[in-house]
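Biologist: Can you walk me through this one? I'd like to go from single contacts up to the whole chain.

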Amino acid sequence: MMEATVTTKFAGKSNYTMSSLATILWCDDEIELLKPHLLFLSEKGYNIIEASNGVDAIEKCKDQIIDVVFLDEQMPGLSGLETLSRIKALHPALPIVMITKNEEENLMEQAIGSQISDYLIKPVKSNQILLTLKKILDSRQLISSKTTSDYQKEFQQIMMQMSNGLNQQEWGDLYRKLIYWELELDKSKSNDMRDVLNMQKSEANSEFCKFVSKNYINWLNKPDENAPTLSHTLMREKVLPFINDETPTFFILIDNLRFDQWKIIQPLLSENFRVNTEDFYYSILPTSTQYSRNAIFAGMTPLDIEKKFPNYWLNDEDEGGKNLHEQDFLGDLIVRSKKDIKFSYTKITNSIDGQKMVDNIHNMLQNPFNVIVYNFVDLLSHARTEMQVLKELANDETSYRSITLSWFEHSPLYQALMKLAEKKVNIIISTDHGSIRVKEPVKVIGDRETTTNLRYKHGRNLNYNPREVFEVRNPLEAKLPKPHVSSAFIFAKADTFFVYPNNYNYHVNHFRNTFQHGGLSMEEMICPVVRLTSK
């Protein structure tokens, strides 16, 4: 059924056609000598406006809608660069192509500094002109066409991979591949193909949930049998081995950072850091801060944390902060790992704390190991659920990524990283879990002590459809504390979320299309682990 739908969408795509009827202003004091070029462009469907001097060109830019300006650099009176500057003052985004006989580097630096779109060296040829116009006017359409074509070729390959059955490494690779195409289709603005990709991601999540449901308990109880790196083994396997006395190591955990959000901020960091490895690990269930982040810093499952630190572990229904002892857990893990190192632990929950961290970053360089936990992305996802303005600003994955990028670019965390870029350091960036935009409600009935999280529930008297959830009747098998003798856990799968029958329609409308975490999906479980070194 899915293949038929996709085929229809593919078949409906029209072939790429060049833009027509774009208006070109060509300014040259020898405009009469350019008639062959102007006639050539007219025959290709372009509307041509002529100007023989800079003043005339500026006036025509005021009076008419122009798509591209071809501008001679050497003209009597107002020079090409002066004309360029004045046109840009009128229309900053207007593409301008400089045409010159002069190949001097200084001239081109001036022109490029004034934001020309391209330049051509005289004598120009008709095919050069056409190529330049295609690049300027049709680049988005060309990119969209190529991206669509490339994704169509990969679509069937991805479907075959899923049908053949994947292991934990292959699922991580497939998820990253789907993110790659998601970001590429974002750039190309190809809405039809984005719909196809969303269907494919949905199918992939369905299969991923089956895979995890089948293997998860074994990963925790028989870790030597092809288990992936999980939250409680992350520090031992992918962080602590890289700490040394010569180069300070910074482990930066950005709470609730999905893989696609990492990819959207990566280009900012790539300017100053070299990406040594881009890896992933699997968050434990529930994919929520209380469980997954405590497990990361303790290097233990939640069940083992409760046993070793009974005064520190709080269950969902207990009063008090659930993540107040991460530094204590980390200190204990370092001792158990036989690492004799000095470390710092910094948690950022607001901009004031963030600025203090920036000011203190030079002191951290004295430690072999520094941990920074940054909470903004998780706060964003929760605020988006409750605030209408944020729901409108981040109404889908694309806009959610955009807000993440905007935050990161102006955050104290980015300032701190830019300071570290000037030093010889190792950086490891990761997260405790991701989130997913939930769409389909699943009814659950529970008593007053049932947890309120939309993606997982535990309690004594849960009533639900077993086919709609991943159920763990005995929490001890999933290495989870068992608050009561009859406690059980259930986890929402893919893009579903739990709703009580009371006020059902209100809660469905309130929470649908919000970003939630705690359950089972690629977005929540497959988390980035990236090692960077300063260039």
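Biologist: What sits over the ring of tyrosine 504?
Modeller: The charged end of lysine 443 does, 4.8 Å from the ring centre. Sitting over a ring means that NZ of Lys or CZ of Arg is within 6 Å of the ring centre and within 35 degrees of the ring normal. Bear in mind that this is a predicted model: local features need pLDDT of at least 70, side-chain atom pairs count only at pLDDT 80 or more, and totals for chains, interfaces and linings use all residues. Residues are numbered from 1 along each chain as its sequence is written, and side-chain values use heavy atoms, with hydrogens and water left out.

Biologist: Now the aromatics. How many aromatic pairs does the structure hold?
Modeller: It holds 30. Rings of Phe, Tyr and Trp (its six-membered ring) pair if their centres lie within 6.5 Å; planes under 30 degrees apart are stacked, over 60 edge-to-face, and the rest tilted. Take tryptophan 219 and tyrosine 282: the centres are 5.3 Å apart and the planes at 80 degrees, so this pair is edge-to-face.

Biologist: Where in the chain are tryptophan 219 and tyrosine 282?
Modeller: In distant parts, 63 residues apart. Tryptophan 219 is in helix α9 (residues 191-221) and tyrosine 282 in strand β7 (residues 273-282). Helices (H or I, at least four residues) and strands (E, at least two) are DSSP runs, numbered from the N terminus.

Biologist: Switching to β1. How many of its residues are buried?
Modeller: Five of five. Thr23, Leu25 and Cys27 lie on one side, Ile24 and Trp26 on the other, and both faces are covered. In a regular strand the side chains alternate between the two faces of the sheet.

Biologist: Which strands does β1 run parallel to?
Modeller: β2, through five bridges, and β3 (residues 68-72), through four. Two strands pair if DSSP finds at least two bridges between them. Isoleucine 24 has isoleucine 48 as its bridge partner in β2, and stands opposite valine 68 in β3.

Biologist: What hand does the crossover from β1 through α2 to β2 have?
Modeller: This β-α-β crossover is right-handed. With the strands pointing away from the viewer, that is a clockwise path from the first strand over the helix to the second.

Biologist: Which residues of α2 are buried?
Modeller: In α2 (residues 35-43), His37, Leu38 and Leu41. They cover an arc of only 100 degrees around the axis, which puts them on the same side of α2. The arc is taken from the directions from the helix axis to the C-beta atoms. On the face turned away, Pro36, Leu39 and Glu43 are exposed.

Biologist: And what covers the buried residues of α2?
Modeller: The cover includes β1 (23-27), β2 (47-51) and α6 (126-137).

Biologist: α6 holds threonine 132. What does threonine 132 contact?
Modeller: Val97, Asp118 and Leu120, leaving aside neighbours within four places in sequence. Contact means heavy atoms within 4.5 Å. Threonine 132 is buried, at 4% relative accessible area.

Biologist: Last one. How many helices and strands are in the chain?
Modeller: 21 helices and 18 strands. Of the 535 residues, 53% count as buried.

Notes: Buried < 20%, exposed > 50% of the residue type's maximum accessible area, 1.4 Å probe, protein only.
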